[in-house]
Structures are given as C-alpha cells and as structure tokens.
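Open the model in your viewer and keep the selection tool at hand. The stops below say what to pick and what to look for there.

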Amino acid sequence: MAPKPKPTPSQPPAPPPLEDLFTTLNKHIQASSFTNAVKLTDQILSIAPGDEDALRCKIVALIKDDRFDDAISAIQSSRTPPEDFHFLKAYCLYKQNKLDEALESLQKHETNDETMLLESQILYRLGKMDACLDIYQKLQKSKIDMLEINSVAALVMAGRSSEVQGWLDSFRVKATSSFELAYNTACSLIQRNKYTDAEQLLLSGRRIGQESLMEDNWPDEDIENELSPIAVQLGYVQQLLGRKQDAIEAYVDMIKRDMADESSIAVAINNLVSLKGPKDVSDSLKKLDRLKEKEIQSFRLAHGLDLKLSAKEKEAIYANRVLLLLHANKIDQARELVSALPDMFPESIVPVLLQAALLVRENKAGRAEEILAQFAGKFPEKSQVLYLARAQVAAAAGHPHIAADSLTKIPDIQHMPATVATLVCLKERANDVEGAAVVLDSATKWWSNVMTEDNKLNIITQEAASFKLRHGREEDAAKLYEELVKSQGSIEALVWLITTVARLDVVKAELYEKQLKTLPGLKGIDVDSLERTSGVKRVEGPPHAGIAEMNEEAKNKTKTKKKRKRKPRYPKGFNPANPGPPPDPERWLPKRERSTFRPKRKDKRAAQVRGSQGAVVRDKHEAGASSNQSNPKSNQASTSKGATQSA
C-alpha cells in the first residue's frame, strides 16, 4: 500500500483588524459594559502589546468597574507609563483611601485644573481644609461644575461659616440655586446657631431637589435616596430646636424604610442613639450593629461606610458605642474598643476621655487623673477639656486639691465667677482657707483692671467680703464693703458694712449708720419705750363686735337670696301625666330581706345513716370533746397564748 500523505498543519485564524476591535470596544464603553470592555482590551493588547490607547481604555474601564487594584496593576505593567497615568493612579489610591500615596503620585503629574481639583478632594478627606480652600480660591476663574458646592462644604468643615455668604457672592450664585448648595449653606447656618433659618433653607432645598429630579425622570426611590441627607439634617435641626419627638420620628422612619444611602442611615442611627441616651441600651446597641463589618466579630465600621463618613462622624459613632457599652455594664467589650481608638484617631482627645471614663467605671479614679494630666501635656492646645475632665473626676473621687490644681491650669477661665466659686469651694473642702483667699484677691484685682461693660467686680467683691467675714477676717471684709458702698452705693452693702464695723469699732459703725435713710412714719416713735413693751396685746371689744355685725349682715344677705326653681328632669319616654304602676318599694333590699322571699327546702337525704350495718354514729360535739380530752397539753398551751394576746 502506498503511504498516506501527512496532513498539513492547520494555520491559526487571522486576528480581526484592530479597527474593528476598537469599534467594538467603543460600543461596549457606550453601553457601560465595562467587564466586556476589559476583556476586549486584553485581546487588543495581545495583538499589539505596546498600544497605549488600549491600555488607557483598560485602566479607565477598570476604574469605572470599581476594580482599583486591577487598575493600579495595569498602570504598573507599563514600562514607560504616560504622564496622565500618574493622575489615574492617584485617583485609584484616593478611592482606596490611601491619601498620602495619592498625593505623592499626583505630584509627578503636571499641574492643571484636573490635578488641582483632585488634590483639593484629597486634602478635604485629610481634614486640611485651609489648604483645600486655597486651591478652590485659585480655581474660581475656571468653569468647574459644583465648585461653589465643594467650597461651602470646606468652609463649614473648617469652622469658617461666617465667610460662606462672601464666597457665594464671589461665585455670583444664590443658596437656593441647587439643593446641594442649599444643604451646605444650611449646615453653615446650623454652625452659627441659626436653627430656624437653617430649617427653612433645608425645606426649600428639599422642594428644589424634588422638582429638579422629577424633571430628569428620576424614579421615586432614587429621589428619596438622593435627598436623604436633607431629611437627616432636618431631624437634627428639630433636635436642636427642642422638638425631640419630631426628631425621633424622623430618624425612626428613615431607619425602618431603609431607602436612604448608607451614610445617611448611619448618621440617623447615631443621632437617634444619642437622643435616647441610656434608655433602652440593648436596642441602641442592636441599631449600631447594623453599621459594623459583618465578617469581623469586634465592632468596626463597614469598609464602604468608613470611606464615606468624615473623621468627626466616625469618632462620634465609636464614642457612643463605648458609652452604651458602659451603660450596659459590658466592660470587656468597652475596654477592647477603647484600646483601638487611639490608632484610629491619633490627633483627637476623645479616646483619652473615653479611657478615663472606663477607668472611673472600674473605680480607678487615680489612674484616670494620671492619664488626663499626661495627655494634657501632650496636647497643650486641647488641654482645657482634659483639665476640666480631670477636675470633675477628682472632685467626684474626693480629691479636692487635685481638682483645684486642674482648674488653676486653665488661664482662660481663671477669673470667671463660676470658676472662682468652684475654686473657693474646693480650697475650703481641702482646708486651704489661705489659698481660697488668694483666689478671691486675685480675681478682685483682675476685674478691677478690666474695662468692659459686663464687669463682674461687684459680684466678686461681695463674695470675697462674705468669705472673709465668714472666716473671721473682719478688717479685710470691712475694706471690701467700703469699696462696694463707694462704687455701688447700695443699701445692702451699707448694712453689711455697719454690721461688720460694729464688731471692730462701734463709734465708726454709728457714723456709717447715719448714712442710712430714715423710714417714713418712724420719726415720732420712742425706740427705748418700744423695747420695754411686752409685745402686742390682743384687743377685745369693738373690733370683734364689728366683725360679728359684718357676719350677721352677710348671713342676712344669704337668707334674702331665693332659690331658683328648676323643672324636674324625667327619663326618656316617661310621661308624668300617665306614670304607670308605682315601682316596688323593696327593690333596693336584698332578696333575703324582702317579704316575697321563700327559702329553699332542706334535702331530707342528708339525715340518712351512712356506713356499715349496726355502726353507731356519734355527734360532732361529742367527737370534739373526746379529742380535747385526749390531748390536754396542747389545749393548755393554746389558752395561755390566747390570754397573752388579750392582755
């Protein structure tokens, strides 16, 4: 047989032209089918590995599909990445909340409006609001959408709400030009304690948002989701205005319907928990559990929620969680969460305050005082709150000297009346009378040198004089009362001056006494004879007779008054002309007492003899007598006990 011919190897099919592939890629991108777009770019790159356009399309499609890790890997796969790839990498790192790395990558890109806008967003997320606002100010001449909205938000977060109106004027826009701008401007009004104006602006913003989104044919659910931040902020304003029940209803309704975005629901849950306080702690803890990461047993906010909420909002949620755990007496869980907070918020003093609260709950007040003092030195610009907390902990634990020492380290409030009163009380409790006097003298000297309309010198001087008089320092008290009389000219201060000087120098007290004005009607009274009288005597006779006559006249007046006759009211359907048979006169008596009552007959079968034939039946009386005779000791004991009770 002839040998068979060898089969020729089949040639692989020719790849489709790149133009056709790019046309298909464009269709996928237009249809937002980013997964298919990524697969097609991989096919293009297998044909043309160095094609920058295909790689750029792949990176953008991965970013649109929220696959940021794959996008960064694709960027790093390029040997010579173009300049705009640094911008794309910075955006991916920003979306992953790797903010420092995003800034570093952005610095490699040429500065333009896009890079400046992304840099401002990164700075906003980092909490560097002043630097963020500087960039927004440079971008005012550029026509960038929503720049005024972001600027107002940054001003509010920076605590510069008073500048909002000036920025709006520079942008030449009104607060009601969009519902987002109305929301941010209302937040600035809340920061300035203008709650009623903020409520009105929020209501206007919600109406504007509903109208504009309905014009764009948004579904009702999407509209409610988009406007959910306004609904939460309205509840917060109602809470600030004292309408707590309305706020609770707004929060509960939003949580139950679960149609808002997750950040708005988180804020609503946190505000509801803070509004309820220690009431129904278990329910509040369950509500906060909705915000945690499901895969982790300990309490940590969900990843998506952690990216959306600001640092202050996250800090408030964690702080409320710790306080609820303390109220629920779950000390171990509270300790675990408190230990993790310093790493989450390294620049905040809230973790320190929570740690002190936990130590106080564990009856370790001394350790709490040490920690508060230590961190007060670490954060000198925030030491005021820490020293106030230390003073409160020490005063409650019975350490007045530590509490007074903490208050003396706060110079801003050192000479305020409330602080002075607290320091004096603490010094007296610590038996440091001299120290209390020094505090009062320092406060008096400070207020005497202050030239303000709201001067508290008279109040401080009066309290200082009262303190020194109470501790036997009459001379110092007299000097202070003299200053009060000269400056204020009040009769009360003059009376106290006379009373104080009378203990030291009676003649001088009499001289001051002459400055008192005489009361009208007391000129003709002899004081000596008035002191010798035995008091007011009861007067009998004419006055009482006059009173009796007045009583008789009043009785006569009451007698002359005639009673008003009223027509009797009959039951419905009753005819007085034909009343019918009279009612039974015995209807209110019990049945046994009525004349018509007949008792029931006794059953004759009750007297029949029971038992075996020939048995003898004894009476109950005889049986009782025999039992008493058989047990005489118990009978005697009971009679003696009864005699004791009757006596």
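Start with a cartoon of the whole chain. It shows 34 helices and zero strands. This is a predicted model. The chain has 647 residues, and 33% of them count as buried. Take the contacts with a separation of 6 or more: 47% of them join residues 24 or more positions apart. The accessible area comes to about 43700 Å². Carbon and sulfur atoms hold 51% of that area.

**Stop 1: a nonpolar patch**

Keep the surface on. Select Ile491, Val495 and Leu516, which together make a nonpolar surface patch of about 240 Å². Centre on Val495. Its helix is H29, spanning residues 491-501. How exposed is Val495? Its relative accessibility is 38%, so Val495 counts as partly exposed.

Next, pick Glu513 in helix H30, residues 506-513. Glu513 has 43% relative accessibility and is therefore partly exposed.

**Stop 2: the cysteines**

How many disulfides are there? The count comes to zero. Cys132 is at 0% relative accessibility, so it counts as buried. Cys425 is at 39%, so it counts as partly exposed.

**Stop 3: two buried glutamines**

Select Gln414. It sits in the loop between helix H24 (400-408) and helix H25 (417-429). Is Gln414 buried or exposed? Its relative accessible area is 16%, and the cut-off for buried is under 20%, so Gln414 is buried. Show the side chain. It reaches the backbone oxygen of Ile410 at 3.1 Å. Gln414 touches Leu407, Thr408, Lys409, Thr419, Val420 and Leu423.

Move to Gln239. This residue lies in helix H14, residues 228-240. With 17% relative accessibility, Gln239 counts as buried. What does Gln239 touch? The list is Ala247, Tyr251, Asn271, Ser274 and Leu275.

**Stop 4: salt bridges**

Colour the charged side chains. How many salt bridges are counted? The total is 27.

Zoom to Arg243 and Glu199. They form a salt bridge, with the closest N and O atoms 2.9 Å apart. The pair links distant parts of the chain, 44 residues apart. Arg243 is in the loop between H14 and helix H15 (244-257), while Glu199 is in helix H12 (residues 195-215). Colour the two by accessibility. Arg243 comes out at 31%, so it counts as partly exposed. Glu199 has a relative accessible area of 10%, so it is buried.

Go on to Arg290 and Asp258. Here the closest N and O atoms of the salt bridge are 3.6 Å apart. Arg290 is partly exposed, with a relative accessible area of 38%. Asp258 is at 45% and counts as partly exposed.

Now step into helix H17. Select Asp283 and Lys287. Their side chains meet in a salt bridge at 2.7 Å, N to O. Both residues lie in H17, four residues apart, about one turn of the helix. Asp283 has a relative accessible area of 23%, so it is partly exposed. Lys287 is at 19% and therefore counts as buried.

**Last stop: a network**

Select Asp332, Arg335, Glu362 and Lys364. Which kind of interaction links them? They are joined in a network of salt bridges. Show all four side chains together and trace the links.

Definitions and conventions. Residues are numbered from 1 along each chain as its sequence is written. This is a predicted model: local features need pLDDT of at least 70, side-chain atom pairs count only at pLDDT 80 or more; totals for chains, interfaces and linings use all residues. Side-chain values use heavy atoms; hydrogens and water are left out. Buried means under 20% relative accessible area, exposed over 50%, partly exposed in between (1.4 Å probe, protein chains only). Contact means heavy atoms within 4.5 Å. Accessible areas come from the Shrake-Rupley method with a 1.4 Å probe; for residues, only the protein chains shown count as cover. Patches are made of residues with over 30% relative accessible area and no salt bridge: like charges are joined within 9 Å, nonpolar side chains (Val, Leu, Ile, Met, Phe, Trp, Tyr) within 5 Å. A salt bridge is a side-chain nitrogen of Lys or Arg within 4 Å of a carboxyl oxygen of Asp or Glu. A disulfide is a pair of cysteine sulfur atoms within 2.5 Å. A polar contact is a pair of N or O atoms within 3.5 Å; within protein, one must be able to donate a hydrogen and the other to accept it, and residues adjacent in sequence count only if both atoms are side-chain atoms. Lists of a residue's contacts leave out its neighbours within four places in sequence.
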